[in-house]
Amino acid sequence: MDQIFESDVNLTEMTMFDQPGWQIALWAIVYLLIITASIVGNATVIWIILSHRRMRTVTNYFIVNLALSDLLMTALNTVFNFIYACHNVWYFDEGFCRFHNFVPVTAMFVSIYTMTAISAERYMAIVYPFKQKLSAANTKGIIGIIWLVACALAFPQFFYAQVITDHGLAKCAVSWPHNHSQRQQLTTPTLLAFHKALKTWMSSTP
């Protein structure tokens, strides 16, 4: 009985999450700086390359794609992730919960495959300098394939995401099949577990 009560208390500590106002304000300033830098920086890179014909090289097309994925991640995910992280409560509907899980995974795969494509293109250009280079059409085709593969790999996050009620609080979680007892929540519970383990380690360190 004591073990059950103790596990309920621990679960409540992980679920009920509150921060003082000054800490939320500090996080808001940090997030604002990151979001501003990301939007301005990535938008500037995209504008410079697309508005100047001489900049439209194969490598720069991939750089535009990389900047676009980062820009979408910042604009469509970071702000709402901050709102969710403030009190570990999901204030939006289930449709946006699915979208919120889908966007960062898609952007991550797009970034990974775009950097892989840049590396492969640079390798071919250096090792085989006299071979025909990728055309603009082929580059755009590769970018389109990258987005299709990224969306396909991120689709399970979209499909299995749902809003659940935990101790009376709405949470955005990914409920995988054949594993109903465990749900992967967005970011905050993992950070809370790390924070709790860090506090335990610090308190036990002489």
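1. Helix α3 (residues 58–87) packs against helix α5 (residues 136–160) at an angle of about 30 degrees, with the axes 10 Å apart. That makes α3 roughly parallel to α5, where angles under 35 degrees count as roughly parallel and those over 145 as roughly antiparallel. Axes are lines fitted to C-alpha atoms, for helices over the stretch in contact, and angles run from 0 to 180 degrees between N-to-C directions. Helices are DSSP runs (H or I, at least four residues), numbered from the N terminus.

2. This is a predicted model, in which local features need pLDDT of at least 70 and side-chain atom pairs count only at pLDDT 80 or more, while totals for chains, interfaces and linings use all residues. Residues are numbered from 1 along each chain as its sequence is written, and side-chain values use heavy atoms, with hydrogens and water left out.

3. On the α3 side, V58, Y61, F62, N65, L68, S69 and L72 meet A136, T139, K140, I142, I143, I146 and W147 of α5; contact means heavy atoms within 4.5 Å.

4. The axes of α3 and α4 come within 9 Å and cross at roughly 160 degrees. The two helices are therefore roughly antiparallel, and their crossing is left-handed.

5. How many aromatic pairs does a search of the whole structure find? There are 15, a pair being rings of Phe, Tyr or Trp (its six-membered ring) with centres within 6.5 Å; planes under 30 degrees apart count as stacked, over 60 as edge-to-face and the rest as tilted. The rings of F80 and F96 have centres 4.6 Å apart and planes at 65 degrees, so this pair is edge-to-face. Because F80 lies in α3 and F96 in α4 (residues 94–127), the pair ties together parts that are 16 residues apart in sequence.

6. F96 also pairs with F92, in a tilted arrangement with 5.5 Å centre to centre and 55 degrees between the planes. F80 is partly exposed at 22% relative accessible area, as are F96 at 21% and F92 at 28%; buried means under 20%, exposed over 50% and partly exposed in between (1.4 Å probe, protein chains only). Ring pairs link F80, Y84, W90, F92, F96 and F99 into a cluster.

Technical notes:
Angles under 35 degrees count as roughly parallel, over 145 as roughly antiparallel, 65 to 115 as roughly perpendicular and the rest as oblique. A crossing is left-handed if the near helix is turned anticlockwise from the far one by less than a right angle, and right-handed if clockwise.
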